[in-house]
Amino acid sequence: MASKNKTVDLDLDRGIAPGMEQKTRKRMVVVTGRSHPELAADIAEHLGIGLAPTEHRTFASGEMYTRFAVSMRGTDVFLVQSFGEKINEDLMEMLIMLDALKRASAKRVTVVVPYYPYSRQDKKGRGREPISARLITDLISTAGADRIMSVDLHASQIQGFFNGPVDHLFAKPVLERHFVDTFTEDERETLTVVSPDMGRVRVADTWSDSLDVPLAIIHKRRDPTVANQVSVHEIVGSVAGRTCLLVDDMIDTAGTIVKAAQALKDNGAKKVIVGATHAIFSDPASERLQDAAIDRVVVTDTVPIPERRRFEKLTVLSAAPLLARAIQEVFDDGSVTSMFDGAA
């Protein structure tokens, strides 16, 4: 006969392991490296918080050092690091910061890389080549990241390189809103979205659908043995008398975009407007983009753009509201996908 004084383990009765409950509050912290502090500060401002004070040093030998000036124990940290002219130094600094955060007992670390480094090396095009994009994810994982957030990955399969959650954001809503607000009546009536190559057709097609305008495609051929060399061949679709919106994920040396714009103008295009997410702008991109074939260029600030690489026809939009909202969704255990109508 069971004892009347039997103690009931309510945890086990509810299928929960017995233990001690403690009510704790999550704490969001945003930290940044030295690659693009302006963007990180804008993100923090949109979140209504400040950046955590961080000490950065580079020794005479080139070695880097990072120390967080405040406690990181138990925090949900978002490490913002973009990649500019010193991409390899920026990468090493980010890895060192990750290591410091894990050793400081941060509960979770999300690496926010608006532009993903080495993303164009996502597969082997020829024998004995590296898949460097996979190497980057391995380094980030080994250094201690729990999650990755990035904007407009050059190749979507990079998401599968990381053994954890990857939030793939899209800058299209930011760019599209700007164009809708600034297009003249004539530009709206004659608008055609153009993909600069076959690899970006899917992205250009989404632009064509959302703007409800025709789509044109530029067929190009690239010499795999020569970097940044492109030959434009033919245009699929009608562009004569049209305002052409060339959309791409990144502009590096601008060789592809400028040749595409010239081909469009040669085929009777009235205007050529360029829209891209990542303004890498390696020399001589700034000079090339001032070509008469291009009427204006619109990019986001996912990559730092020095003043010397800016020009009159360039408009730079802030990616901070987009990134801040995604960070808030992750912190609140919300839905990043809902930001893009289920497409992310």
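Biologist: Does R309 count as buried or exposed?

Modeller: This is a predicted model. In it R309 counts as buried, because its relative accessibility is 10% and the cut-off for buried is under 20%.

Biologist: Where is the place of R309 in the chain?

Modeller: R309 sits in the loop between β13 (296-300) and β14 (314-317).

Biologist: And which residues is R309 in contact with, leaving aside neighbours within four places in sequence?

Modeller: Its contacts are E85, I280, F281, S282, D283, S286 and L314.

Biologist: Changing topic, how many helices and strands does the chain have?

Modeller: There are 10 helices and 14 strands. Of the 344 residues, 47% count as buried.

Biologist: Take strand β5, then. Why is it largely enclosed by the rest of the structure?

Modeller: Strand β5 (residues 108-113) is largely enclosed because five of its six residues are buried.

Biologist: Which strands does β5 pair with?

Modeller: Strand β4 (residues 76-80) pairs with β5 in the parallel sense over five bridges, and V109 of β5 is the bridge partner of V77. Strand β6 (residues 147-151) also runs parallel to β5, joined to it by four bridges; there, M149 is the bridge partner of V112.

Biologist: Which helices make β-α-β units with these strands?

Modeller: Helix α3 (residues 87-103) makes a right-handed β-α-β unit with β4 and β5. Helix α4 (residues 132-143) makes a right-handed unit with β5 and β6.

Technical notes: Residues numbered from 1 in each chain as written. Predicted model: local features only at pLDDT ≥ 70, side-chain atom pairs only at ≥ 80, totals over all residues. Heavy atoms only, no water. Helix = DSSP H or I, 4+ residues; strand = E, 2+ residues; numbered from the N terminus. Buried < 20%, exposed > 50% of the residue type's maximum accessible area, 1.4 Å probe, protein only. Contact = heavy atoms within 4.5 Å. Pairing = 2+ DSSP bridges. Right-handed = clockwise from strand over helix to strand, strands pointing away.
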